[in-house]
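Please read it with the coordinates open.

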Amino acid sequence: LLYHLRKENFTNQFQERVYFDTNGEPVPLYDIINWQKDNEGKIRFVKVGGYDGSAPLGQQLRINDTTIVWTGGQSQVPVSQCSAPCPPGSRQARRPGKPQCCFDCLPCAEGEISNQTGSTECIKCSESYWSDKHKVKCVAGVEEFLSFSETMGIILVVLILLGVILTIIITVIFHRFRTTPIVKANNSEISFLLLLSIKLCFLCSLVFIGQPSVWTCMLRQSVFGISFVICLSCLLVKTVVVLLAFRANIPSSRGLKLFGPSQQRTMIFCTTTPQICLCVGWLLGAPPFPVRNPTYQASYGKIVLECKEPWPLGFYLLLSYIGLLAFVCLLLAFLGRKLPDTFNEAKFITFSMLIFWAVWICFIPAYVSSPGKFSVTVEIFAILASSFGLLLCIFVPKCYIILLHPERNIRKGMTGKYNR
């Protein structure tokens, strides 16, 4: 019978071709019927396609989508799940206690992406890359640091150059009138060293601007700390000289004779050495180094290039020693602020130290709370403000007398005995 079945091939009364394959199996031939309701609400069967197993591959199934009517009378294919697939940039999160096809679409976190529809997980971007605004692709992170070319960097450089030029002008004036009593008072050598240290304080701010490197990170805090300590040491010596000078009016006082130029240099050396040792030990033991900080990418989408200090205590010790010298200098200058002198330098040192303390007390909380490159900007502003305070309070009054009131720049004028 199988032999004869393989040879059968005819067309029946329904115009359907009937034949059997080599295995004696009939070739499948189906009609695809769509149940539809007519205008009267009656069900009618509409042929919307068919399947012919004898047709060539790829042409066996035929469906006419335009004639299909789905439940509810709609022509669009209904979604067979309770939640639509999540778009790129988000991930699917299943709803507890619901079927697997029910889920919520959660946006990818910062630094993660999903570039396919219906993703169940977000992919984390590699290091130095960040997700774009739509969270569909990773882009190279934007590096941020205080640059010489940006507006803030230009303003700071102008202020630094202004401070340096003003310091040079005052130095030239002092050198030009170096033989006058007002310059020779309190050891003119100390005055020139103080001007040099103030100039270094201005110039050290330049190291904080620009892309951090190994050398700039190592030099930043060290140059800043040593420059300010030299500056404060000079002020401390000047204050001690003022106090001893007025005690010298007492016949039994030999303090001023014992505190001569060599002793003054020794005092500056002794007060500066601890800071130098601290900086050298800090740089040898745990030197700062440049890092790429991605902490602020979530907020600003930028990678901050900054100097990392593996031993933060070193910076606070450096600041503490500067604060100690400033406090001692302020205390001694405050004690001598009312000494009877036409040009009382202790009074102006007191003013400069008050400005110095006000600046650095405001600096610490601002420095800690400032993100990224703004912490560097805050520190530069603190350096410049305190440097300008020292320069203007101590030297501008002297230049005022030298240039505008030379009649007071005599020995009698210095003691208040000149004729008005």
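1. Basis. The model is predicted: local features need pLDDT of at least 70, side-chain atom pairs count only at pLDDT 80 or more, and totals for chains, interfaces and linings use all residues. Residues are numbered from 1 along each chain as its sequence is written, and side-chain values use heavy atoms, with hydrogens and water left out.

2. Disulfide count. The structure holds four disulfides, a disulfide being a pair of cysteine sulfur atoms within 2.5 Å.

3. Cys108 and Cys122. Helices (H or I, at least four residues) and strands (E, at least two) are DSSP runs, numbered from the N terminus. Cys108 is buried at a relative accessible area of 4%, and Cys122 is buried at 16%. Buried means under 20% relative accessible area, exposed over 50%, and partly exposed in between (1.4 Å probe, protein chains only).

4. Cys125 and Cys138. A disulfide with sulfur atoms 2.0 Å apart connects Cys125 and Cys138. The link is left-handed, at -90° about the S-S bond. Its ends are 13 residues apart, with Cys125 in the loop between β9 and β10 (129-131) and Cys138 in strand β11 (residues 138-140). Cys125 is buried, at 9% relative accessibility, whereas Cys138 is partly exposed, at 31%.

5. Cys217 and Cys307. Here the S to S distance is 1.9 Å. The torsion about the S-S bond is about -80°, so this disulfide is left-handed. It ties helix α5 (residues 214-247), which holds Cys217, to strand β14 (residues 302-308), which holds Cys307, across 90 residues. Both Cys217 and Cys307 are buried.

6. Cys279 is buried, with 2% relative accessibility. Cys362 is also in no disulfide, and the nearest cysteine sulfur, in Cys393, is 16 Å away. Cys362 is exposed, at 55% relative accessibility.

7. Helix α4. This helix has 17 residues (188-204) and should span 24 Å at 1.5 Å a residue; its end C-alpha atoms are 24 Å apart, which agrees. The expected span is 1.5 Å times one less than the number of residues. The buried residues of α4 include Ile190, Leu194, Leu195, Ile198 and Phe202, as well as Cys201 and Cys204.

8. Ser90. This residue is in strand β6 (residues 90-94) and is buried, at 7% relative accessibility. Its side chain reaches the backbone oxygen of Pro87 at 2.7 Å. Leaving out residues up to four places away in sequence, Ser90 touches Cys105, Leu106, Pro107, Cys108, Ser114, Ser119 and Cys122, where contact means heavy atoms within 4.5 Å.

Conventions: A polar contact is a pair of N or O atoms within 3.5 Å; within protein, one must be able to donate a hydrogen and the other to accept it, and residues adjacent in sequence count only if both atoms are side-chain atoms.
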